[in-house]
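Hi everyone, thanks for coming. Let me put the picture up, and then we can walk through it together.

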Amino acid sequence: MTATNDTRAAIERFHQAVNDRDLDALAAAMTDDCLFESTLPPDGDGYEGKAAVGDFFSKLFDTSVERTFDVEELFVAGDRGVLRWRHRWTDRTGTPGHVRGVDLYRVRDGKVAEKLSYVKG
């Protein structure tokens with residue numbers, strides 16, 4: 001498998017774990033020192049390490065009854081990847097919503113080491 005294929009596979013595993021709301025698979029898909037920046041304006045909140053990143057996603061999962069990130073485009077080059085997505089959800093009151101955004105990834109040793117998220121809004 002080439003570095004580009006390894007990068008794509010790592011990003012796809014991470015992305016699938018988020019869509020599955022599987023915190024164990026999410027932890028397995030990231031490095032111990034993974035850095036994640038959320039889309040919160042103006043600069044995004046930063047989370048470092050499996051526990052902090054997992055805690056962010058656990059809280060995100062609890063805010064909705066349904067949530068998916070649909071892939072619009074994924075391209076990779078070496079250890080970097082860019083994923084364009086449409087985030088769809090239904091909140092606890094039954095109200096649907098969506099936003100579009102992009103994640104910038106860096107992969108190390110077959111796992112996501114960095115995920116920087118940006119959103120249209």
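This is a predicted model: local features need pLDDT of at least 70, side-chain atom pairs count only at pLDDT 80 or more; totals for chains, interfaces and linings use all residues.

Residues are numbered from 1 along each chain as its sequence is written, and side-chain values use heavy atoms, with hydrogens and water left out.

Back to Asp109, which sits in the loop between S5 and S6. When I say H or S and a number, I mean DSSP runs numbered from the N terminus: helices are H or I with at least four residues, and strands are E with at least two. Phi of Asp109 is near 55°, a positive value in a residue other than glycine. Arg21, in the loop between H1 and H2, also has a positive phi, near 55°. Arg21 is partly exposed, with a relative accessible area of 28%. Why point these out? Most residues other than glycine have a negative phi, and most peptide bonds are trans. Pro42 is in the loop between S1 and S2.

Now to helix H3, residues 50-62. Which residues of H3 are buried? They are Val53, Gly54, Phe56, Phe57, Leu60 and Phe61. These cover an arc of only 155° around the axis, so they are on the same side of H3; the arc is taken from the directions from the helix axis to the C-beta atoms. If you are wondering about the spacing, an α-helix has 3.6 residues a turn, so residues three or four places apart point the same way. On the other side of H3, Ala51, Lys59 and Asp62 are exposed.

What do the buried residues of H3 pack against? Their partners include helix H1 (3-20), helix H2 (23-28) and strand S6 (111-119). Contact here means heavy atoms within 4.5 Å.

Phe57 brings us to the largest nonpolar core, which has 23 residues. Such a core is a set of buried Ala, Val, Leu, Ile, Met, Phe, Trp, Tyr and Cys residues joined through side-chain atoms within 4.5 Å. Among those with the most contacts inside it are Phe14, Phe57 and Tyr105. Leaving aside neighbours within four places in sequence, Phe14 is in contact with residues including Leu26, Met30, Phe57 and Lys115.

Let's finish on Lys115, in strand S6. Lys115 counts as buried because its relative accessibility is 7%. The side chain of Lys115 makes a polar contact with the side chain of Asp103, at 3.0 Å. A polar contact is a pair of N or O atoms within 3.5 Å; within protein, one must be able to donate a hydrogen and the other to accept it, and residues adjacent in sequence count only if both atoms are side-chain atoms.

Methods: Buried means under 20% relative accessible area, exposed over 50%, partly exposed in between (1.4 Å probe, protein chains only).
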